[in-house]
Amino acid sequence: MISGIRAFLKGNFGAKGHAGAKTGDRRRGGVVTRFAPSPTGLLHAGNYRTGVFAYLYARQNKGKFILRIEDTDTARSKKEYEDNIVDSLKWLGLEYDEMYRQSERGGLYRQYLEKLIAEGKVYVSSAEEETARAAKGENPGPRKSAIRFKNPNKKVRFDDLIRGEIEFDTTDLGDFVIAKSVTEPIFHFAVVLDDFLMGVTHVIRGEDHISNTPRQILVMEALGAPIPTYAHLPLVLAHDRSKLSKRHGAKAITHYRDIGFMRDALLNYMALLGWNPGTEQEIFDRAGLIKTFDLSKVQKGGAIFNEEKLRWVNKEHLKRVDPALLASDIRSRILSSERARDLKWNLTDEGAQRLAPVLLERVSTFGDIDALITAQDLDYYFAEPAYDALSLKWKEDVDLAPAARHLDYAKAALAGIPDKRWDEEGIKAAIWPYAEAEGRGNVLWPLRYALSGKDRSPNPFTLAAILGKVATIQRIEQALRLIKTTADAKTQLP
């Protein structure tokens with residue numbers, strides 16, 4: 001062991017992220033933050049919010065943002081969870097400058113543990129000593145040997161960017177465990193060494209880590225590492241104000257991607273979980289967040305994750321999408337659906353541009369469009385509706401004769417509209433004076449039902465503009481034929 005330590009003390013490390021002269025250079029280079037998730041399950045917004053804040057702070061200061069996969073828990077860590085973390089960050093656009101896995105850094109942990117042992121700053125506690133500690137209630141863990149940090153029993157102070165000065169008396173911590181063996185470091189050692197060697201200048205993490213900080217500062221001092229600046233964020237809470245978790249319905253970030261949320265909307269909403277700019281503004285694009293974000297404005301109290309508010313934020317982002325791009329995305333979403341394929345729906349670019357504003361009034365996410373398709377609430381845009389003729393009758397009418405008269409008028413009026421005036425404004429101008437004279441409901445109800453076959457649908461002027469002149473007149477003619485067939489059948493009754 002001694003020869004290994006001597007070699008360690010003389011040398012430096014060539015691998016990416018290892019110790020050596022570069023560590024100091026990187027600290028002098030500016031801000032370095034990190035997001036350090038454990039791949040032991042699907043992470044949710046409460047987890048990624050930490051990454052969002054660390055990313056924004058790094059980019060705002062033209063610094064470096066590191067992804068560190070803390071996968072030393074080999075029993076629970078899984079590649080599928082790591083892949084999901086990477087996919088989630090990629091979708092959110094949180095590009096990282098470097099990536100590390102703790103499972104690949106075992107040699108470094110061993111070398112530094114051996115160095116600290118040689119310097120007398122940590123020591124190996126035997127299995128018998130650990131058993132004795134357990135008997136006293138000091139060690140609830142395994143009855144095996146461990147590497148313990150020799151606690152100097154002093155007060156530790158640090159300035160938190162969110163919570164101000166925090167002080168701990170470390171005496172109560174005793175000589176705490178930092179590794180099970182030289183090949184099995186635990187959290188308090190691995191995270192400190194990694195932050196040191198990766199040049200992390202700002203540790204941005206949840207407030208549940210505040211109690212870990214005094215131990216980690218002691219280890220940093222033993223390593224001769226500079227103390228990073230801390231910012232402990234308020235927790236993200238479920239609706240019942242408990243910590244957000246999968247047990248409380250928290251969903252993976254990729255779930256929101258898959259059901260049609262916009263990535264910038266989710267990024268925007270997560271930035272608002274515990275932070276606000278001090279103004280009334282709530283909607284930000286990525287560049288706006290990077291410019292405006294301010295750690296000093298992070299609140300101390302917990303932030304409740306509210307999916308309805310997320311939906312509102314998403315809709316606000318939808319409203320800001322370029323209309324042509326939004327129409328294109330809506331067209332792709334509709335035509336890629338199973339129902340569209342089965343029924344051979346046709347939707348041109350021009351049709352999508354007319355349909356997009358109407359759908360935007362009804363949906364908050366692209367996933368809501370899927371729900372409308374499943375509920376068959378979009379069918380009438382693509383095929384003539386089927387309905388009972390009596391549905392065309394306005395509630396005050398005795399029979400279908402008034403509906404037939406109003407539809408006849410509408411057909412003639414609409415046929416006279418020049419093609420270049422076929423828009424919602426032109427259609428309304430042709431029908432509205434007549435509707436006001438005859439009664440709006442009397443005229444507009446049968447017209448709307450003839451076009452949609454639904455009790456609830458957009459107004460007939462909007463529908464006609466979307467359907468086009470030919471399809472609109474065809475549907476009115478179909479309604480008139482249905483009325484005639486119904487009337488003929490009635491006269492034949494005994």
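This is a predicted model: local features need pLDDT of at least 70, side-chain atom pairs count only at pLDDT 80 or more; totals for chains, interfaces and linings use all residues.
Which elements supply at least two residues each? Strand 1 (32-35), helix 3 (45-60), helix 7 (187-197) and strand 10 (202-206). Helix 3 gives the largest share, 4 residues. By type, the lining has 14 nonpolar, 12 polar and 10 charged residues.

Now the salt bridges. The structure holds 41. One of them joins Arg68 to Glu70, at 3.1 Å from N to O. Both residues are buried. They also belong to a network of salt bridges, with Arg34, Arg105, Asp194 and Asp195.

Next, Arg163 and Glu207. Their side chains form a salt bridge at 2.6 Å, N to O. This pair links distant parts of the chain, 44 residues apart. Arg163 sits in the loop between strand 6 (155-160) and strand 7 (164-169). Glu207 sits in the loop between strand 10 and helix 8 (213-223). Arg163 is partly exposed, because its relative accessibility is 22%. Glu207 is partly exposed too, at 26%.

Then there is Asp264 with Arg263, a salt bridge at 4.0 Å, N to O. Asp264 is partly exposed at 23%, and Arg263 is partly exposed at 36%.

Last, Arg448, in helix 19 (residues 440-452). However, the backbone oxygen of Asp455 lies 2.9 Å from a polar atom of the Arg448 side chain.

Notes: Residues are numbered from 1 along each chain as its sequence is written. Side-chain values use heavy atoms; hydrogens and water are left out. Ala, Val, Leu, Ile, Met, Phe, Trp, Tyr, Cys and Pro count as nonpolar, Asp, Glu, Lys and Arg as charged, and the others, Gly among them, as polar. A polar contact is a pair of N or O atoms within 3.5 Å; within protein, one must be able to donate a hydrogen and the other to accept it, and residues adjacent in sequence count only if both atoms are side-chain atoms. Buried means under 20% relative accessible area, exposed over 50%, partly exposed in between (1.4 Å probe, protein chains only).
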